[in-house]
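I opened the model to go through its contacts, one topic at a time. These are my notes.

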Amino acid sequence: MPFRYLQHIATADIAFEAWGKDLPELFRSAADAVTNTMVSDLESIAPGKKLEFDVSHEDLDLLLFNFLQELVYFKDAQKLLLRVPEVSITRGKSGYTLKASAFGEELDAEKHHLIVDVKAITLYRFAVRRVEKGWEATVVVDV
Amino acid sequence: MAIPSAVRKISETIWELPVSYKEGMLVPARIYATEKLLREMDDGVFEQVTNVACLPGIVKYSYCMPDGHWGYGFPIGGMAAMDPGKGVISPGGIGFDINCGMRLVLTNLTYDEVRPRIRELVDALFYRVPAGVGSTGFVKLSHDEFCQVAEKGSRWCLRNGYAWPEDIEMTEEGGCFAGADASKISKKAMDRGYNQIGTLGSGNHYLEIQVARPENIHDPETARTFGITLPNQIVVMLHCGSRGFGHQVATDYLQLFLSVVERKYGIKVKDRELSCAPFNSPEGRDYFAAMKCAVNMAFANRQVIVHRIREVFSEFFNKSPEDLGMNMVYDVAHNTAKLEKHSVEGKRKELLIHRKGSTRAFGPGMEGIPACYSETGQPVIIGGSMETGSYLLAGMKTADQAFFTTAHGSGRTMSRHQAKKMIRGQKLQREMEERGIYVRTASWGGLAEEAGIAYKDIDSVAEATELAGLSRRIVRLLPVGNIKG
């Protein structure tokens with residue numbers, strides 16, 4: 001898995017590090033890490049529904065913040081557990097724009113092993129970094 | 001954890017970090033704790049309580065309560081009073097779960113009457129009170145009706161048959177923060193919250209059946225005033241907040257404040273989670289009005305859940321909720337910002353009090369608490385872990401030193417992953433049942449994360465608040481049955 005949960009950053013909550021060879025891969029990994037906080041087996045999410053959304057921000061790190069926040073929104077507003085296989089990011093004059101194609105299904109306590117609700121993505125120690133092998137991010141989620 | 005060497009001991013329960021500790025501190029930071037609790041605090045507490053001390057308009061001290069631990073922006077257990085004219089409002093001083101709080105309901109049942117049927121009772125509550133990830137409630141509302149909930153709180157519940165008239169009086173601020181304005185709420189916040197009224201949520205949220213054993217009553221007279229009159233009396237405690245609605249309000253305004261804090265207002269904050277705006281600014285006023293909507297939704301959420309609990313008990317014991325004596329002791333919020341009048345250097349002043357994982361604890365004779373508690377001080381409810389118990393306390397006159405604020409819970413000491421590595425949910429459930437606590441959960445993994453071992457000792461926290469003169473212990477309540485979200 002291109003992410004790992006960190007033990008000692010957030011006593012009361014969940015922290016993770018995600019990575020990818022490029023930005024779309026990093027964003028996909030981070031999305032899986034957020035969803036995996038709520039459901040124990042990502043493979044149990046069937047591709048029943050498809051949806052597309054886009055987010056933008058002038059800063060790259062807050063683009064990731066807004067993107068992950070969308071997953072939390074769809075979880076409550078439409079009860080959807082989502083995976084995001086396709087992400088494209090473009091950079092224009094006013095900053096970054098991201099287009100995402102997601103799939104997923106309504107959460108079902110019988111089918112999905114649900115763990116804990118993600119309340120919010122936080123900015124505590126939130127960081128997106130360029131590294132030798134590509135990109136990395138640190139994220140703490142409030143649960 | 002290492003305590004910073006600059007920490008000065010003021011008394012057995014007060015520790016201070018001076019303004020020289022960090023550049024930009026406007027006031028000293030004060031941590032309320034016994035030496036033992038102070039030593040157990042994580043480094044985040046010292047970093048964050050001193051970051052808060054740098055916020056414009058802060059009055060007297062930046063405070064942290066004995067259950068303090070690392071949080072977002074403010075530490076959990078944090079409290080800061082701001083001058084409304086010169087100071088700021090920050091979502092980081094309130095928390096993502098706006099008006100997360102505690103509610104305590106009485107019964108006239110005893111342990112002997114409930115114990116033989118505890119499994120069935122907990123099961124019945126578990127099926128009727130939705131809990132867990134993404135759960136939705138039985139109250140179906142349009143967006144317009146939801147706006148009414150957001151602006152009226154528990155008063156909406158009274159009008160719609162989900163509350164007794166006295167429930168309103170027994171809720172902090174009468175279950176409604178005046179000045180809530182639903183036009184300051186985003187569609188996203190609405191979408192996330194309008195179908196979640198009457199749901200517990202997950203994480204550390206719970207509904208618990210508890211017993212007040214005679215040996216755990218610290219002050220029988222005040223306990224009687226609070227409605228604890230029978231030996232081994234059964235009570236019901238609730239811990240939850242404003243669900244996805246409040247989380248989105250906090251997120252929306254965190255994003256807004258991030259874009260204006262430095263660019264428009266020239267305020268440099270030590271942590272992006274402390275993003276803020278002057279209280280007296282368009283952004284500050286909008287957030288205050290939106291936050292109040294989330295506060296009111298949380299009061300309504302707990303009220304609707306209490307309505308459900310009364311229905312279940314009534315069907316189960318074949319008596320009306322009135323005949324079962326299911327009156328409320330009190331409902332206290334522990335994640336809010338509120339304008340209150342307090343004495344500062346001998347003068348009455350209106351202050352914006354941020355309480356983040358800390359509880360209002362008004363003392364005897366103060367305005368704003370029900371008449372029946374005017375001699376005792378307001379009831380304060382501090383929730384412990386599902387294995388160890390909780391406390392009912394009372395406000396004290398001496399809490400003026402901290403703008404009448406006390407602790408809110410026991411505070412975690414172990415990460416969720418560490419707890420899950422050490423403990424298995426199913427095994428924990430069996431072991432707890434052997435000890436007389438029957439638990440139902442929406443998630444086995446979630447249950448393991450909430451094991452008692454992951455939390456601070458609640459007895460030490462409650463005792464520390466009493467030693468410091470913030471709140472005094474009235475009854476220690478032990479769990480008998482628990483529903484964990």
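I count a polar contact as a pair of N or O atoms within 3.5 Å; within protein, one must be able to donate a hydrogen and the other to accept it, and residues adjacent in sequence count only if both atoms are side-chain atoms. The model is predicted, so I note the limits: local features need pLDDT of at least 70, side-chain atom pairs count only at pLDDT 80 or more, and totals for chains, interfaces and linings use all residues. Residues are numbered from 1 along each chain as its sequence is written, chains are lettered from A and ligands numbered from 1 in the order in which they are written, and side-chain values use heavy atoms, with hydrogens and water left out.

**Entry 1: the interface**

I looked up polar contacts between chain B and chain A. There are 17 residue pairs in polar contact, both residues at pLDDT 80 or more. Next I asked which elements of chain B give two or more residues to the side that touches chain A. I found helix 8 (187–193), helix 10 (243–260), helix 12 (416–422) and helix 14 (444–449) of chain B. Helices (H or I, at least four residues) and strands (E, at least two) are DSSP runs, numbered from the N terminus. Helix 10 of chain B gives the largest share of that side, eight residues. By class, the side of chain B that touches chain A has eight nonpolar, 21 polar and 14 charged residues. For these classes, Ala, Val, Leu, Ile, Met, Phe, Trp, Tyr, Cys and Pro are nonpolar, Asp, Glu, Lys and Arg are charged, and the others, Gly among them, are polar.

I then took the contact (heavy atoms within 4.5 Å) as a whole. Chain A puts in 39 residues and chain B 43 residues. The two chains bury about 3,500 Å² between them, with 54% of it on carbon and sulfur atoms. Buried area here is the accessible area (1.4 Å probe) that two parts lose on being put together, summed over both. In chain B, the residues that lose the most area to chain A are B:Trp70, B:Val133 and B:Arg272, together 20% of what that side buries.

**Entry 2: salt bridges**

Side chains of opposite charge can pair when their charged atoms come close. My cut-off for a salt bridge is a side-chain nitrogen of Lys or Arg within 4 Å of a carboxyl oxygen of Asp or Glu. I get 48 salt bridges over all chains. Between chain B and chain A the count is six. One joins the side chains of A:Glu58 and B:Arg263, at 3.7 Å from N to O.

A:Glu17 lies in strand 2 (residues 14–20) and A:Arg4 in strand 1 (residues 3–6) of chain A, so the pair ties together parts 13 residues apart in sequence. For burial I use relative accessible area: buried is under 20%, exposed over 50%, partly exposed in between (1.4 Å probe, protein chains only). A:Glu17 is buried at 16%. A:Arg4 is partly exposed at 43%.

In chain B, B:Glu173 and B:Lys338 form a salt bridge, closest N and O atoms 3.2 Å apart. B:Glu173 sits in the loop between helix 7 (165–169) and helix 8 of chain B, and B:Lys338 in strand 12 (residues 335–344) of chain B, 165 residues apart. B:Glu173 is partly exposed at 36%. B:Lys338 is buried at 5%.

B:Arg412 and B:Glu450 also form a salt bridge, closest N and O atoms 3.5 Å apart. Both residues are buried. I also traced a network: salt bridges that share partners join B:Glu172, B:Glu173, B:Lys338, B:Glu340, B:Arg355 and B:Arg360.

**Entry 3: B:His342**

Where is B:His342 placed? It is in strand 12 of chain B. B:His342 is buried, at 2% relative accessibility. Its side chain makes a polar contact with the side chain of B:Glu340, at 2.7 Å. Leaving aside neighbours within four places in sequence, B:His342 is in contact with residues including B:Leu351, B:Phe362 and B:Phe403.

**Entry 4: cysteines**

I searched for disulfides (cysteine sulfur atoms within 2.5 Å of each other). For B:Cys176, the nearest cysteine sulfur is that of B:Cys293, 9.5 Å away. B:Cys176 is buried at 12% relative accessibility.
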